[in-house]
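These are my notebook entries on one structure. I set down what I looked up, step by step.

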Amino acid sequence: FLAFKRKCKAFQDPWFLFDLILVTMMVGETWVITLMVAMNSAGGATRGAGDASILRMGKMLRLLRMMRIARLMRSMPEFFILMKAISAASRSTFFTLAFLFIVLYVYGIAFTQLLTGTEIGQEFFSTVPHSMVTLFLYGTLLDEVTSVVDGMSKDSVPCTILFFTFILIAAVTLMNILIGVLCEAISAVADKERTQMQVSIVEQTLLQILEDGFDGDDDGLISKNEFLKVLESRAAVHQLDEIGIDVVELVEAADAIFEQQNEDMTQNYDRLLTFDEFMEILLQLRGENKAKVKDVVDLKKYLNRLIRTTDKLRVQCAQTQL
């Protein structure tokens, strides 16, 4: 509360209100309810505060304190990256585990039938569910697999070979596929989150620079001259370089960024950009971007338009000479 310069704004902060509710509940649970229960015990059930057993249910509200974990996670983006990666990989993980279940079921039936009447069969493969659990623990997770292999090799060599094929399919192939899926998902989500954080930092830096006086007319729009002034800031250059934008090439492309032509492409003039349009253009100029079909189509449209305008000017020049 004392951290706020204007105390009235403390009640506009949602996290401050949340902490205030938790503290109020804790004081009520520790002191108020305890005093009421003590008074009830001393004064009898018919006098005093009455039966306070219902109030004890308020203790269940202590679970709301766990919501403070969300506040902690905000300062640790790695938690969000892991959660998003698990969510992104959930579909692939589900189908991988479903295929593993099918393999367990098929091999479970096979081992239950082949090892009927043997010692190893009675101990580890008595029923199909028992066989599936055994194959998962010993064949997939490889937990003390030698105990099963030693006993199986004494009773049936073909079943031992079949068990090794299961290990190759389940433990070596499917489990490594599952690890690869999770690693790929985490890598993709981490790259995306890192890019978004860098873009957010660039936006904040550029907005701060524009608010510090680089927007000369205070119209909220960016002109070419204002853009070139922004690039004189070392902070802006550093942040643009962080997201993979070549500042030198950006200065040379300033004319192309702000140039606009009329419909017949006979006159050129500098246009004004909103901040959102400006950021969209900057993100398109990142060096790691790949050419898309849309870029090729836009280029084709521009060239066709330029050719039509050139032919039109050639015809006009020929008519003028005549």
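**Entry 1. A loop and its backbone**

In which loop is the place of Leu-142? I noted first that the model is predicted. I then found Leu-142 in the loop between H6 and helix H7, which covers residues 145-155. I looked up the backbone of Leu-142 and read a positive phi of about 55°, although this residue is not a glycine. I recorded Leu-142 as partly exposed, at 43% relative accessibility.

I also looked up Glu-144, which is found in the loop between H6 and H7. Glu-144 is not a glycine, yet I read a positive phi of about 50° for it. Is Glu-144 buried or exposed? I recorded Glu-144 as exposed, because its relative accessible area of 56% is over the cut-off of 50%.

**Entry 2. The crossing of H4 and H6**

I turned next to helix H4 (residues 90-114) and helix H6 (residues 128-140). Their axes come within 8 Å and cross at roughly 115°. I noted that the crossing of H4 and H6 is right-handed.

Which residues in H4 meet residues in H6? On the H4 side I listed several, including Leu-100, Phe-101, Leu-104, Tyr-105 and Phe-111. On the H6 side I listed, among them, Val-128, Met-132, Leu-135 and Phe-136.

Thr-96 is buried, with a relative accessible area of 12%. Leaving aside residues up to four places away in sequence, I found that Thr-96 touches Leu-174, Ile-177 and Leu-178.

**Entry 3. Salt bridges**

How many salt bridges does the count come to? I recorded 3 salt bridges.

I began with Lys-84, which forms a salt bridge with Glu-193. The closest N and O atoms of this pair are 2.7 Å apart. Which parts does this pair tie together? Lys-84 lies in helix H3 (residues 77-88) and Glu-193 lies in helix H8 (residues 157-214), so the pair ties together parts that are 109 residues apart in sequence. I compared the exposure of the two partners. Lys-84 is partly exposed, with a relative accessible area of 39%, whereas Glu-193 is buried, with a relative accessible area of 14%.

I then examined Lys-294, which forms a salt bridge with Asp-298, with the closest N and O atoms 3.1 Å apart. Both residues lie in helix H14 (residues 293-321), and because they are 4 residues apart, about one helical turn separates them. Lys-294 counts as exposed at 58% relative accessibility, and Asp-298 is partly exposed with a relative accessible area of 33%.

I also looked up Arg-314 and Asp-311, whose side chains meet in a salt bridge at 2.8 Å, N to O. These two are 3 residues apart in helix H14, so they too are separated by about one helical turn. I noted Arg-314 as exposed, at 51% relative accessibility, and Asp-311 as partly exposed, at 34%.

**Entry 4. The nonpolar cores**

I reminded myself that in soluble globular proteins nonpolar side chains tend to be buried together. I therefore looked up the largest nonpolar core, which has 24 residues. Which of its residues touch the most other members? I listed Leu-206, Phe-227, Leu-240, Leu-250 and Leu-282. The elements that give two or more residues to this core include H8, helix H9 (224-230), helix H10 (234-242) and helix H13 (275-284).

Not counting residues up to four places away in sequence, Leu-250 touches Phe-227, Leu-231, Leu-240, Ile-245, Ile-257, Leu-282 and Leu-285. I also recorded a second, separate core of 23 residues, which includes Phe-125, Met-132, Met-152 and Ala-171. Met-132 was already in my notes as one of the H6 residues that meet H4.

**Entry 5. Ala-253**

Where is the place of Ala-253? I found Ala-253 in the loop between H11 and H12. Ala-253 counts as partly exposed, at 23% relative accessibility. Finally, I looked up its separation from Leu-285, which is 32 residues away along the chain, and read 9.6 Å between the C-alpha atoms of Ala-253 and Leu-285.

Notes. Residues are numbered from 1 along each chain as its sequence is written. This is a predicted model: local features need pLDDT of at least 70, side-chain atom pairs count only at pLDDT 80 or more; totals for chains, interfaces and linings use all residues. Side-chain values use heavy atoms; hydrogens and water are left out. Axes are lines fitted to C-alpha atoms, for helices over the stretch in contact, and angles run from 0 to 180 degrees between N-to-C directions. A crossing is left-handed if the near helix is turned anticlockwise from the far one by less than a right angle, and right-handed if clockwise. Contact means heavy atoms within 4.5 Å. A salt bridge is a side-chain nitrogen of Lys or Arg within 4 Å of a carboxyl oxygen of Asp or Glu. Buried means under 20% relative accessible area, exposed over 50%, partly exposed in between (1.4 Å probe, protein chains only). A nonpolar core is a set of buried Ala, Val, Leu, Ile, Met, Phe, Trp, Tyr and Cys residues joined through side-chain atoms within 4.5 Å.
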